[in-house]
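User: I would like to go through this model with you, from the overall fold down to single residues. Please keep the answers plain.

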Amino acid sequence: MANPSSKATVPGSRELQTSSTSPGGAATSTKSDDGANPYEPRVMGFFKSVGMHDPNVENYSSRDFYSNLLCNTLKTHTVRRGHVTCFATVTPAVANYFGGLHGGAVAAIAERVAIATTRTVVGEDKEIFLVDLGMSYLSAAPKDAELIVDGAVVKSGRNITAVSIEFKMKKTGKLLFTSRATFHNSPLAKL
C-alpha cells in the first residue's frame, strides 16, 4: 500500500514540506522550509481570542504553571481548619468551545482547592501526594458565571486525608460539579 502524502499551506505562511505517513502508521512532522512552525500565527491568534494576550513559552515549562492560567479565575474567600471556600469566575481562558467552564479547568480548580483544604489539617512537616481525584460533572457553568467552590475535609488520619469539593452557582446555589480527592500524607525525609 502506498504512503499517503499531502501538501498543506497556511494563509500568509511559507510553503510547507510534504508530510507523509510512515510504514508503521505514524505521521511525520510538517515544517516550513526554514524550520519555523507554520502554525504559530494560528496558535497565537487562538490565545488572543481566549484572553491570553501574551503567552510566554517559558511559563509553560515552569513548575507552577497552574498559577499563571488560573490566577484570574480563583479567589480565596475563607480558610479555616478543615474548610476552604473560594470564588471562581468562568473567564474565556478557561472556557470550552461552547462557552462553559472547561472540564480540565474544573479538575485543576478542584485539585488546587483540595490541596489548600488538606493543608489546613496536615502540617508542613508532611508531604502530601494526590492519590485519587474523582469528578462528577452535573451541569454546565456558563461564561462569566460566578461560582462558589467549597472544599471540606471528610476524614483525616495519620496517612490518608479525604476531601470533598463542591462547585455551586453563586446566584442560585445550584450544584454544578462535585469532586473527591484522596491524599497520602508522609513525613519529610530527614537527610
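User: How many helices and strands does the protein chain have?
Analyst: The secondary structure comes to 4 helices and 8 strands. Helices (H or I, at least four residues) and strands (E, at least two) are DSSP runs, numbered from the N terminus. Along the sequence the pattern is β-β-α-α-α-β-β-α-β-β-β-β.

User: What should I know about the source before going further?
Analyst: This is a predicted model, in which local features need pLDDT of at least 70 and side-chain atom pairs count only at pLDDT 80 or more, while totals for chains, interfaces and linings use all residues. Residues are numbered from 1 along each chain as its sequence is written, and side-chain values use heavy atoms, with hydrogens and water left out.

User: Which strands form the open sheet, and in what order?
Analyst: The open sheet has 6 strands in the order 3-4-6-7-8-5, with antiparallel pairing; two strands pair if DSSP finds at least two bridges between them. Strand 3 (74–80) and strand 5 (126–137) each have a single partner strand, so one side of each is left without a neighbour in the sheet. From one strand to the next, the twist averages 20°.

User: And how many bridges join strand 6 and strand 7?
Analyst: Strand 6 (residues 146–156) and strand 7 (residues 160–169) pair over 9 bridges in the antiparallel sense.

User: Which residues of helix 4 are buried?
Analyst: A105, V106, A108, I109, A110, V113, A114, T117 and T118 are buried. Buried means under 20% relative accessible area, exposed over 50%, and partly exposed in between (1.4 Å probe, protein chains only). In an α-helix there are 3.6 residues a turn, so residues three or four places apart point the same way.

User: Moving on, how many aromatic pairs are there?
Analyst: The structure holds 3 aromatic pairs. Rings of Phe, Tyr and Trp (its six-membered ring) pair if their centres lie within 6.5 Å; planes under 30 degrees apart count as stacked, over 60 as edge-to-face and the rest as tilted. One of the pairs is Y137 and F177, edge-to-face at 5.9 Å centre to centre and 75° between the planes. Y137 is in strand 5 and F177 in strand 8, 40 residues apart.

User: What about F167 and F177?
Analyst: Their ring centres are 5.5 Å apart and their planes at 85°, so the pair is edge-to-face. F167 lies in strand 7 and F177 in strand 8, 10 residues apart in sequence. Y137, F167 and F177 form one aromatic cluster.

User: Last topic: where is D144, and what is its phi?
Analyst: D144 is in the loop between strand 5 and strand 6, with a phi near 65°, a positive value in a residue other than glycine. Most residues other than glycine have a negative phi. D144 counts as exposed, at 56% relative accessibility.

Terms used. Axes are lines fitted to C-alpha atoms, for helices over the stretch in contact, and angles run from 0 to 180 degrees between N-to-C directions.
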